[in-house]
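Please open the model in your viewer and keep the selection panel at hand. The tour below moves from one selection to the next.

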Amino acid sequence: MNKRDDQVNNEGTATEERSLPHRRVHLHSEHQQQGEQKPADMPISISIQGLNAYYGKFRAVKNITLDIKAKQVTSVIGPSGCGKSTMLRCLNRMHEETQNGRTDGKVLLDDEDIYDKRVDPVAVRRKIGMVFQKPNPFPTMSVFDNVVAGFKLNRFWVNKSELADRVELALKQASLWDEVKDKLNQSGMALSGGQQQRLCIARTLAVEPEVVLMDEPCSALDPVATLKIEDLIRQLTSKYTIVIVTHNMQQAARVSDWTTFLLMGDDRAGELIEYGETKQLFTNPKDERTEAYITGRFG
Amino acid sequence: MAGRNTIATSPLPAQKTKLSDHPASANWGDRIFYNLVRLSALFVIILSSLLVIELFHGSWEAINKFGIGFIWGTTWDPVKEEFGTLPTIIGTLVKSLLALIIAVPISIGAAVYIAIFAPKWLRGPLSYLVESLAAIPSVIFGLWGLFVLVPIVRVIQIWLKGHFGWFPLFSGPAVYGVGVLAAGIILAIMITPIITAISRDIIRSVPKSQMEGMLALGATRWEAIRKAILPYCRVGLAGAVILGLGRALGETMAVTMVGGNAFALITSLFDPVHSMASQIASEFSEATYSLYISSLIYVGLVLFGITIIINILAQILIWKISNGKVGIIE
Amino acid sequence: MATATQSKLHVTDLHFRRRKIADRLAFIALSACAGITVFMLLIILSYIFYKGATQIDWNFLTALPKPAGEPGGGIRNALIGSVIIVALASLMAMPIGIGTAIFLNEFPSFWVGRAIRFLADVLTAVPSIVVGLAVYTLVVRPMGSFSGFSGSVAYAFIMIPIIIITAQEALRLVPSNLREASLALGVPRWRTILMIVLPVSSRALLTGLILAVARALGETAPMLFTSFGNAFGNVNISKPTATVPVVIYRYATGPYDDWHSQAWAAAFILVGVILLASIITRFVIRSKFDE
């Protein structure tokens, strides 16, 4: 009993918190229309402060400080090996799952440090979900079970109809419902690559995270499937904060509101070179290295 | 070699040597070598066939006399020259299953620990120690079992019988120590490293993205293992377990030394009963006439049949999951 | 802590706590499983050391066994017997095993190769006692007596599949550009294999051979029907020959305390040699998980 109350409370506060920035985003878009752009005012979802990531002794990501705006799509671009994916994996503590992976610095989610000693990485990942480079549905589970795989973990007891509703909602959010509603009991592996990736997105959304991290989500997909995922990302931005790593600059330009450019420094560690609104960064970069990269002079 | 030198020094190489001067058929070295290695491969096939042929050959007398009914015959009477092996088959199966019940959870647990939880510096040494346990010969386990394990088991038996003697499994004679329970425990110790080593390889062959996919949904590590990793490789793990079973079925020395060697249908966990291998090992030197020997070899043939079927099954399961990347021998 | 109710990251609900506890317990249980396995190894090894090492002296290694019941005596005959039988078995098994591995790896033909590899895999799984029985009818019966030679044949049976599998793995790891470089120079295939491929993989081949020898040294069951055993200083392999593992078995199951302590001593030597072999192979070729 007590536990269910807890949940209701959690959900209550969660929706409250979600609605507040939502309104402000709305305001922001009004500002935009009026040409009164104040990006600095936008609510911040994740604040990265002096983040370093290591593999054993090797530092892969160096001293990154960056604020990721809520309910916006932020893309991370840069040449391969510059630590884009590593940085992304630091944002929901997946980096420490790799062999010898460790980090220092702070990553604040709504003013709470996810690297605080008292914080459980499991709780972090409930709030900050992740979609991987290659679609990785669980092969022994049906489409249905794949979608609720994470959701079920967070409930002590779920009733069937709630589960079915959740699956439908998540699949609809992932624009997959119409394609798979008749195949819910088939294996997730029976779907096409693009569908599998959207299934993985649906699986992440079903947990109701606030932030969705995407690690080159389209790199294993064909152009048509890629376009569908990009559309989906644009739709999701009304409800979720999205950070997407991509090696494809056009994709970054198409889907993101904000762009982060990383580059490998002399010590082979990835550094933040420039961060700004996508439009500005691609048309009028402040740093000449950014310009060199986006005009294709290296990388 | 000579030909190459000519080409290098001659101003008009094309006219000096033609390709047709060196027809493939003249390459004696390659042909001899090829036939030699092919012969050794052929030898392996011959050896395997000989193994089967000799088992049939050796047991022919008993096969003629008792036919297939030998397998479900329950009498083993060297005096009346009547032989049947059902009780030893059952004894073998019970001991091996007991070993599996003990060994499987421990082995797969250890494999998960080594493959996923163990810090990197510990993985190598841990794997090495587990494999060292597999390298210890059966007779050493028998020796240790006889002088260390059996006395302990005897104490356990007396206690169990005293408190739970009404329970059929614990109703047997409790004074021996040697018996099904001791054999099951020693077999479990022996097959644990095998199941562990293979399961570890199989678990490591699961794509990382499976574990990460689960973790990114907010699963704990244990949940990710239970819901993503173990289901993903369940077929291969079944193969590893069956391989362990195959090893347990054919294990001889340790079982002979601690299993108790009586020909009887098993009634409780404390019974000292034969398994197939222990019967052959312990009675062979006493077998005084050819039908007796032939019957023992017949038991060996049945044992061979059972282990081969089980192992082929295991191989297929393991191949399926790993595409042959997992070796029994490391 | 006080902010726990508003916090999203400090989850405190009951179900979450239950999951964390399950996670913790599972971790402890899994570590315990690995611990138990290692513990069993250590307890067995230390017991063998404790009972065996104290019994060993020069006399034990060099003397012949005393008649049953008389204390003292050694295992010289068994040591020599084991060495001779295993050496002879290696001589038989090595060419066949490595030759087959070369055939499988260097002259690939899909079905034949797969079938032979499958046979080798199955052969490793044949219970050694069954091998002993087959060799009994194949060699012992026609020869009319137990013999060290028949023991060698039985050991060869056991060693061949191990050598095939390890040698094939060793050859597979030789980069194919080495072969191609040699072939492109006009070196015939057989010389390429003998001069380039085998030397490059020699350490891995040796590892496999040592593994096979170590395995054979400890095999007991097939010897009961082949080399049988012998209490005298026999080195004639056409006669019954003593081996260390059979001596351990006989002494352990015998009635005398002195036999028991000699069994421990022999066990100490056997396990020592086998573990030494495994340590050597480990440092000749490091386990593939070390990278």
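Select chain C and chain B together: in this predicted model they bury about 7500 Å² between them, 80% of it on carbon and sulfur atoms, where buried area is the accessible area (1.4 Å probe) that two parts lose on being put together, summed over both. Next, display the residues in contact (heavy atoms within 4.5 Å), which are 84 residues of chain C and 82 residues of chain B.

Now zoom in on C:Arg19 and B:Glu223, which form a salt bridge with their closest N and O atoms 2.7 Å apart; the rule (a side-chain nitrogen of Lys or Arg within 4 Å of a carboxyl oxygen of Asp or Glu) finds one salt bridge across this interface.

Finally, colour chain C by its domain assignment, automatic or from a database, with domain 1 at 2-55 and domain 2 at 58-290. The C-alpha centres of these two domains of chain C lie 39 Å apart, and their contact takes eight residues from domain 1 and eight residues from domain 2. Between them, domain 1 and domain 2 of chain C bury about 710 Å², 87% of it on carbon and sulfur atoms, while the count of salt bridges between them is zero.

For your selections, residues are numbered from 1 along each chain as its sequence is written, and chains are lettered from A in the order in which they are written. Local features need pLDDT of at least 70, side-chain atom pairs count only at pLDDT 80 or more, totals for chains, interfaces and linings use all residues, and side-chain values use heavy atoms, with hydrogens and water left out.
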